[in-house]
Amino acid sequence: MIPALIKKLKNRELKSEALVNQTFDRIDSKDEQVKAFLSTFKESALEKAQAIDAQLDAGDELAPLAGIPIGIKDNIHIKGKVTTCASKILQGFKAPFNATVSEKVESAGLIPVGKLNMDEFAMGSSTERSAYQKTTNPWNIDYVPGGSSGGSAAAVAAGMVPFSLGSDTGGSIRQPAAYCGVVGLKPSYGRVSRFGLVAFASSLDQIGPFTRTVEDSAYLLNAISGYDPKDSTSETQAIPDFTKAIGKEVSGLKIGVPKTLLSDKIDSEVRDSVVAALDILKAQGATWEPIDFGYFDDALAAYYILAPAEASANLERYDGVRYGVRDDASDYLRKMISKSRGTGFGDEVIRRIILGTFVLSSGYYDAYYLKAQKVRTLVIQKFNEAFSNFDVLAMPTTPTTAFKSGSFSEDPAAMYTADIATIPVNLAGLPGISVPCGFSKEKLPIGFQIVGKRFDEESVLQVAHAYQTQTNWHLEEALS
Amino acid sequence: MTQYEVVIGMEVHAQLKTKTKLFCSCSTDFGKAPNTNVCQVCLGLPGALPVLNETTVKYAIRAGHALGCSIEHTSVFSRKNYFYPDLPKGYQISQFDLPICLGGSLTIQVDGEEKEIGITRIHMEEDAGKLVHQGADGIAGSDSSLVDLNRAGTPLIEIVSEPDIRSAAEARAYMETLKSIVEFIGVCDGNLDEGSLRADANVSIRPVGQKEFGTRAEVKNLNSFRSLERAINYEVDRQIALVESGGTVIQETRNYNDATGKTTSLRGKEDSHDYRYFPEPDLKPLRLTQAYIDDVKKEMPELPSVKKERYSSDYQIPAGDVHKLLLDLDLNRYFEKSVELSDDVAPGLIAKWMVGDFTAYLKNQDEDFASTKVSHTQFISFLTEIDSGKISGKMGKDILEKMVKTGTDPDKLIKESGGSQISDEGELSSVIDKILSENQDVVAKIKAGKTKSADFLMGQVMKATKGRAKPDLVRQMILDKTV
């Protein structure tokens with residue numbers, strides 16, 4: 001999609017202002033149902049579009065993506081715009097600084113049109129935990145779009161924006177991408193700066209793009225990647241031109257598929273779609289075989305210790321003292337802090353803070369936190385082992401298709417298993433992409449995931465794109 | 001009655017003199033309007049991330065070298081979690097199980113005796129902000145507090161001693177020595193009263209001969225050397241009285257009040273925080289090469305221990321004076337510069353006058369060696385006159401006092417006082433002869449064997465020469481003329 005858009009913008013067949021207006025028209029007509037956007041900024045978007053149009057009209061050489069609209073998940077700061085993280089505790093919080101990715105988005109000439117809905121503080125797999133609104137799956141209003149980047153996925157699936165940015169800590173890009181039938185890429189940990197991304201779990205969070213095509217995600221990855229001196233965990237790896245991986249042949253590539261994720265742990269329709277996808281890759285000259293991996297359950301357990309632990313500390317700053325909601329009625333400090341947080345945070349956030357605090361407490365640290373870190377090391381080692389024999393790994397992105405809204409209201413922890421295939425990838429800091437590979441009988445999208453070695457987004461993109469050249473799943477539009 | 005031994009361990013926080021904070025580039029400048037030296041990082045805004053200040057690491061390594069510690073090649077930052085309005089992130093980034101320095105020692109001098117105090121560890125951590133309580137002097141009785149985060153994020157090193165200290169005097173000596181060390185190596189201003197150096201004392205008692213340590217109480221708010229000594233002495237007495245009356249010392253944090261001279265309980269063990277330490281995921285482990293560590297050593301200012309050796313062996317300066325030369329950085333700098341400028345005057349003489357009279361006269365003027373009007377050249381010129389015997393010691397004191405007060409050149413002052421010391425026998429002879437002739441009865445006494453009576457005649461000669469006569473020469477001449 002992007003190459004076509006770039007061409008049309010350059011030869012002035014298309015104006016950026018028109019693109020932006022089209023985006024807002026679609027938001028007007030579709031978002032009442034989808035509820036993907038928490039806030040929009042038509043005025044500043046049009047201003048930017050007009051400025052870019054003037055430059056393009058004058059024949060100026062601009063950044064490749066100049067003039068194209070984009071949606072941004074509401075946990076990424078755009079200076080001067082509100083960042084809520086879909087929480088009441090940050091209601092009205094105007095970001096005093098730009099996230100590094102927002103700076104890069106601006107340098108790339110991309111035009112942010114609004115902030116997208118999410119599970120509160122990125123904790124969730126359905127976007128039902130937003131304190132403001134529930135985003136619906138564009139394919140079926142009764143179903144969830146996935147989470148936590150549900151708004152980012154739905155906005156692209158509904159054709160409101162050509163692409164968006166989300167964040168992924170345990171699957172929060174890939175899982176909603178699978179549920180909404182779009183492409184979702186989580187780069188390697190350290191590939192994209194986290195400066196200006198409101199932290200959930202510092203050692204797991206990464207920002208990544210939602211797009212309709214794998215090719216588009218390569219363009220976006222080029223735009224947002226890079227070492228940032230303001231983020232001590234960002235890496236100095238050289239950034240290749242990821243678009244060069246697009247179109248490379250896959251013959252001879254070896255794909256490993258964890259056996260466990262081909263078992264009846266996975267919905268039969270999902271399984272069949274994924275196997276069919278693998279066979280398409282086989283037909284292109286790649287080979288695939290089932291492998292023992294064995295750590296999925298352990299990884300899930302370890303994640304639900306480590307992520308809440310880090311989150312419990314990351315969210316301590318919301319104490320009502322300097323910004324955000326403050327319970328003014330309280331007459332002493334401890335009461336003020338606990339009331340501000342108790343009313344400002346939703347249930348799932350509180351649940352995870354309490355869980356995280358517990359696993360770090362004196363007497364429990366060794367049994368839980370330390371042990372989970374050791375399991376994490378085992379998971380990393382297991383991946384290294386697998387990658388010594390295979391170029392990439394492939395598997396279903398999720399065990400099922402999207403679930404009905406409200407399915408887990410009685411048993412919130414049961415929702416955690418939705419991330420079983422995505423979590424290990426975050427624990428190991430590897431790149432992973434979800435690509436649409438079919439639909440269920442109920443016309444709900446199915447996605448399959450390709451995982452690469454650390455910093456090998458190129459192989460991931462290469463394989464994912466090769467698959468997409470042979471299929472049309474990604475061209476289907478929900479809400480057309 | 002049981003004899004008790006006092007056991008003390010010191011925890012000292014030193015604010016490092018870096019230009020910017022530990023994890024952001026905000027200035028550490030003191031005295032700015034509240035909340036102006038702040039940014040998203042030290043304000044703990046959502047989305048902010050810490051970036052390590054390399055100078056802090058260098059300064060921590062300097063401290064490690066100065067205290068003979070092992071500088072760790074790998075150290076890790078940790079989050080120390082607790083809620084307080086002066087702690088913006090709700091956690092302090094510190095170091096827990098893998099600090100930058102381990103082991104080491106510090107030599108103190110008490111009553112002329114030297115003793116080695118062990119150092120357990122040194123680690124880096126960020127400072128919290130300040131709370132300014134409104135409506136009362138402190139937090140008790142206040143109706144609100146204002147939060148100033150200028151200080152939040154300032155780099156600190158925490159230096160923990162082994163429980164080797166056995167008295168309040170030793171604790172004071174420890175602090176004085178540690179203060180001079182951190183000043184001399186250029187990492188800290190070392191002001192207890194301004195808070196750039198903060199001390200907490202862990203105090204316990206045990207019956208003499210007992211191996212196990214008694215329960216310790218932590219004493220805080222020691223903002224002068226005097227407070228430190230008084231607080232520890234009070235606490236020791238309190239613990240002994242408690243134990244003697246059948247009670248037990250409980251593990252708690254106590255606050256020292258200088259006005260009352262007492263320590264009172266701040267919080268007990270039950271209220272003590274579970275800090276839930278875990279490795280800081282926003283920072284990579286700090287890895288140092290031996291080459292880097294060695295370079296810091298090469299580039300740092302001369303260690304007090306090295307100076308001590310030089311002063312004793314090369315300059316032959318007595319131990320008491322050496323000790324004083326190493327306690328005050330301004331004094332030391334003035335000394336080193338004076339030695340550098342002097343060709344003939346021995347460092348020992350320079351030291352003697354500096355640690356004694358010069359220091360006393362400065363104190364009277366409320367000045368120090370950094371602010372003094374006396375230039376190095378003036379001082380050396382003064383000492384040259386002393387050394388040659390042109391002026392007596394007594395005259396010298398007066399001259400120096402005037403120099404300190406007015407900054408006038410010594411030769412001008414010597415002229416004004418009527419000239420320099422008279423040591424010319426010819427000149428003195430006529431004066432002595434006159435005095436002798438006026439005091440024949442005393443002369444008779446001396447002749448009879450009462451040589452002590454010569455002192456009276458000496459006094460008369462000194463009076464007649466307005467104090468300028470060289471005393472021992474006068475005495476000798478009187479005796480020669482009378483015997």
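The structure is a predicted model, in which local features need pLDDT of at least 70 and side-chain atom pairs count only at pLDDT 80 or more, while totals for chains, interfaces and linings use all residues. Residues are numbered from 1 along each chain as its sequence is written, chains are lettered from A and ligands numbered from 1 in the order in which they are written, and side-chain values use heavy atoms, with hydrogens and water left out.

I begin with the interface. Contact (heavy atoms within 4.5 Å) involves 40 residues of chain A and 30 residues of chain B. Together the two chains bury about 2800 Å², 60% of it on carbon and sulfur atoms; buried area is the accessible area (1.4 Å probe) that two parts lose on being put together, summed over both. Three salt bridges cross this interface, a salt bridge being a side-chain nitrogen of Lys or Arg within 4 Å of a carboxyl oxygen of Asp or Glu. Arg276(B) and Glu316(A) form a salt bridge, at 3.1 Å from N to O. On the side of chain B that touches chain A, the elements giving two or more residues are β4 (78-81) and β16 (278-279); helices (H or I, at least four residues) and strands (E, at least two) are DSSP runs, numbered from the N terminus. That side has 19 nonpolar, five polar and six charged residues, where Ala, Val, Leu, Ile, Met, Phe, Trp, Tyr, Cys and Pro count as nonpolar, Asp, Glu, Lys and Arg as charged, and the others, Gly among them, as polar.

I turn to the second largest pocket. On a 1 Å grid over the protein atoms alone, a pocket is an open set of points where a 1.4 Å probe fits, with protein on both sides within 12 Å along at least five of seven lines, and lining residues have an atom within 4 Å of a point. Its lining comprises 29 residues, and those nearest the centre are Ser203(A), Gln373(A), Arg376(A), Pro281(B) and Pro285(B). The largest contribution, eight residues, comes from α12(A).

Within chain A, Arg454(A) and Glu235(A) form a salt bridge with closest N and O atoms 3.9 Å apart. These partners are 219 residues apart and link distant parts of the chain.

Finally, the backbone. Most residues other than glycine have a negative phi, and most peptide bonds are trans. The bond from Gly147(A) to Ser148(A) is cis, with omega near 10°. Asn35(B) has a positive phi, near 55°.
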